[in-house]
Amino acid sequence: MESPPPLGIDLDLPQTEGHQRNRRGCQCSADFCRCVVGECLCTFFFILIAGTLDVNWGNNTGSTPCPSANSAAEDTASASLVETADASRVVQIALTLGLGVGTLTQCFEHISGAHMNPAVTVAYLVTRQVGLLKGITYIVVQFVGGFTAVFLLHGFLPLEIQGNLGYTAPSSLVSYHQAFGMELLMTFLFVFATLSSTDKHRGLPKAQSLQIGFAFTLVTLWGFSFTGAIMNPVRTLAPTVIINVPPNMWLPMLEMYIAGPLLGSIGSALIYRYVFNMHRRSLDLTNSQRGSSMYDPDIDPTVLTLRGLDPYRGKLVSEM
C-alpha cells in the first residue's frame, strides 16, 4: 500500500502563479509588475484629479480666480486655494476627492492595493502587510505617477486657467507648526480608517472603496480650511517642484506636508497594530499575499499544500 508522503517533503503539486511567485521571492514576476503598474496608474489619476481642483474657469464655476503657476511661485500664500475657497467650494473639493479615492480604490484595490499615497504604503510597511521591496517600489512609482500627472497638466492646460496644479499653502491664520499638527492628525485618522476597513478579521462586507472614500471626504471637510488637507507627500512635492516654489517655502513645506503625514501614518499604524488589533500576529501575511490588502486563500501556499494532499488522502481511504 502506497502511503502518502510526509508533510515535510516537497510534494510534486501543480504550481499556481501565486505559489510560483512565493518561491521566486524577490524576483520580478508578472504579478509584481502588474501591481507596480497598477499603483503607478492609480496614483497618476488621483494626482490628475487633485491638480485640476483649482483650475480657473472664471465665473463659470463661481470660484475665485487663481493666479497662474508663475505668479504662484512669487506669492504662494495668496495663491493658495485654502484662502480663496468658500464653504461650497470646500464641499465640492471634498466630494470630488472622496469620490475619486473611492472610485480608484474600487478599480485598483484588487490589483495593487490602491495606496496612491506614500503615507498609506508606509502604514502597510509598518503593519507588515507589504514587503520592503514592494513598499519601496510602490513609493517610487507613486512619485513617478504623480509627477507625470502634474507635468501633463502643466503642458496641456493654458497658463490662464491652470492655477497652481494642486500646490497648496496653509491658511494665513495658521502657523507652520500648527499646520504640521493638523496634517499629522488628519493623516492619522485617514490611515487608521484605511487599516480598519481592510482588516480581514473584521468580517465586514467587501466595500472598502466606500469606507475609504467616505473617510477621505470627512477628513478633507474637517481640515481643508487649515492646510488644504493634503495628507499625501506626492500631492505636495510634484507641483512644488514644477511651479518652482520660492526656496524659503521648502523647509516649512517639508515640515507640514511631508513630515506631518508620514509621522501621522507611522503613529496610526503602530497604534492600530500593537494596541487595538487583537489579531496582530495574524497580520503578518505571506509573500504571496503582499501587495493587496485582502486575503485570498487561492494563492496561500499553505492552503495550496493542503489541497494537494486531497488526492493522496482519497487513494489511501480507497485502499484501506
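Q: Hey, how do H8 and H11 cross, left-handed or right-handed?
A: The H8 and H11 crossing is right-handed. Just keep in mind that this is a predicted model.

Q: Okay, and at what angle do H8 and H11 pack?
A: The angle is about 45°, and the two axes are 9 Å apart. H11 covers residues 233-242.

Q: What do you call H8 and H11 then, relative to each other?
A: They're oblique to each other. Angles under 35 degrees would count as roughly parallel, and 65 to 115 as roughly perpendicular, so the pair at about 45° falls in the oblique group.

Q: How far apart are the axes of H2 and H8 where they cross?
A: The axes of H2 (residues 30-51) and H8 (residues 132-156) come within 7 Å, and they cross at roughly 40°. That angle makes H2 oblique to H8.

Q: And which handedness does the crossing of H2 and H8 have?
A: That crossing is right-handed.

Q: Switching topic: how many helices and strands are in the whole protein chain?
A: There are 14 helices and 0 strands.

Q: What share of the residues counts as buried?
A: 49% of the 320 residues do.

Q: What's up with the phi of Met-116?
A: Met-116 has a phi near 50°, which is a positive value in a residue other than glycine.

Q: Where is Met-116, and is it buried or exposed?
A: Met-116 sits in the loop between H6 (87-108) and H7 (118-126). Its relative accessibility is 4%, so Met-116 counts as buried. The cut-off for buried is under 20%.

Q: What about the phi of Leu-165?
A: Leu-165 isn't a glycine, yet its phi is positive, at about 60°. You'll find Leu-165 in the loop between H8 and H9 (176-197).

Q: Leu-165: buried or exposed?
A: Leu-165 is buried, with a relative accessible area of 1%.

Q: Where is Ile-271?
A: Ile-271 is in helix H12, which runs over residues 250-276.

How values were computed:
Residues are numbered from 1 along each chain as its sequence is written. This is a predicted model: local features need pLDDT of at least 70, side-chain atom pairs count only at pLDDT 80 or more; totals for chains, interfaces and linings use all residues. Side-chain values use heavy atoms; hydrogens and water are left out. Helices (H or I, at least four residues) and strands (E, at least two) are DSSP runs, numbered from the N terminus. Axes are lines fitted to C-alpha atoms, for helices over the stretch in contact, and angles run from 0 to 180 degrees between N-to-C directions. Angles under 35 degrees count as roughly parallel, over 145 as roughly antiparallel, 65 to 115 as roughly perpendicular and the rest as oblique. A crossing is left-handed if the near helix is turned anticlockwise from the far one by less than a right angle, and right-handed if clockwise. Buried means under 20% relative accessible area, exposed over 50%, partly exposed in between (1.4 Å probe, protein chains only).
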